Amino acid sequence: MAHRFLASEVSDLCVGKPPLSSLPATATVSDAIFALKRSGDINVGIWSCNHSDSIVAVNDVVPCRCIGKLCMVDVILYLCKEENLSRPVEALQTSVLDLLPKVKGQIRHLEPNSSLLEAIDCILEGAQNLIIPIQKTTTRTNQRKNHLNKSFQSTINHNGNEFCWLTREDVIRFILNSIGVFSPIPTCTIESLNIINTETLTVHYDDPAISTLPLINRSHLNQTSIAIINQDKTLIGEISPFALSCCDETIAAAIASLSAGDLMAYIDYSGPPEDLIHLVKMRLQERNLTAMLDMVENYYDPSFSSTSSSDEEFGGGKNGSMGRSNPGRRSEAIVCHPWNTLMAVIVQMIAHRVSYAWVVREDYGLIGIVTFTEILTQFRSDIGSLNTCEEESTKLQ
């Protein structure tokens, strides 16, 4: 089993993965919002393809590179900038390139025959997504995606090639299928493995939500979350980039208007309470943020119309999956305890589609956080030991 696992290639992880949604580097922020809502994906890839005659193709393939990815968190952070709160319509017409994180190495291209070990190393070096070429397939799901995104997909020509991307979760899921290889590590407690990170991002319940923007950006880049605590450092909830990525662009107005605690209630999957929507509108009006107020009105009141706003200007209005009731929109924190086994924590994280779990005491006092990064680091160390054993076994034969 160990030999078969060590021989795994990234193509083994791509089975059943759909082609990723793509946008050209010439797209606008509004285009990105429209693509995200229509596709239902959390992220959209931004591609740079140069098809000029002066470019020499390799193996008849014209160079195309994914230069970054965008999700609603990037849009929200951009709209929450002071200069954009008063001019959201103009901000949405800017280039997607203005939103791409200035962090190198977040996107890495790998060949299908690259080893699983190489993929893990790329992730531990900072890659969030690995771009892998896949065979073009014609399925009903892919046909639907192509139809929904045809206004954007038609502008990107990958010479008939399609790509998928792999994440930390994909690698962890694959490892879980061969978890016996790592015995007895999965049955050890997370405390005994020393994988609890005590350096957490926290805010207090009454802190202004707008003050959390640097933490939201940091947690987004590191694929973690922000804990909301009280004065006793008891975990109350969280503001997670994953929850924000399932929201629409109007959440920027809530961040600009509410406290961290109220924002937690606003992004809950059941939808924001009417009193909080009213509070957001009132505070926007007090700050004379008329255009942002129009955007909120346009979203929550179908009968509202304004000469300064439209569905097209605001990225497509309510159309798509990022509505008021989305299961990904939750403020309830996923927690575990120091005495829980690694296996139990992994299963919990995968079940809730999160890349982390908060570690708390019985009274919910915050201890730290466990992320896929710490878990992959542990498995990477174990894989190194497996590799050594395999090499020694081969020599003996």
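Residues are numbered from 1 along each chain as its sequence is written. Local features of this predicted model need pLDDT of at least 70, side-chain atom pairs count only at pLDDT 80 or more, and totals for chains, interfaces and linings use all residues, while side-chain values use heavy atoms, with hydrogens and water left out.

**Exercise 1. The chain as a whole**

Task: State how many helices and strands the protein chain has, and what share of its residues is buried.

Solution: 
- Count DSSP runs: helices are H or I of at least four residues, strands are E of at least two, numbered from the N terminus. The chain has 17 helices and 12 strands.
- Apply the burial cut-off: under 20% relative accessible area (1.4 Å probe, protein chains only). Of 397 residues, 52% are buried.

**Exercise 2. Helix α3**

Task: Find which residues of α3 are buried, and explain why the helix is largely enclosed.

Solution: 
- Locate α3 at residues 72–79.
- List its buried residues: M72, V73, D74, V75, I76, L77, Y78 and L79.
- Conclude: eight of the eight residues are buried, so the rest of the structure largely encloses α3.

**Exercise 3. A three-strand sheet**

Task: Give the strand order of the open sheet with β10, β11 and β12, and name its edge strands.

Solution: 
- Read the order: β10-β11-β12, with mixed pairing.
- Pick the edges: β10 (335–336) and β12 (366–371) each pair on one side only.
- W358 stands opposite I369 in β12.

Conventions
Buried means under 20% relative accessible area, exposed over 50%, partly exposed in between (1.4 Å probe, protein chains only). Two strands pair if DSSP finds at least two bridges between them.
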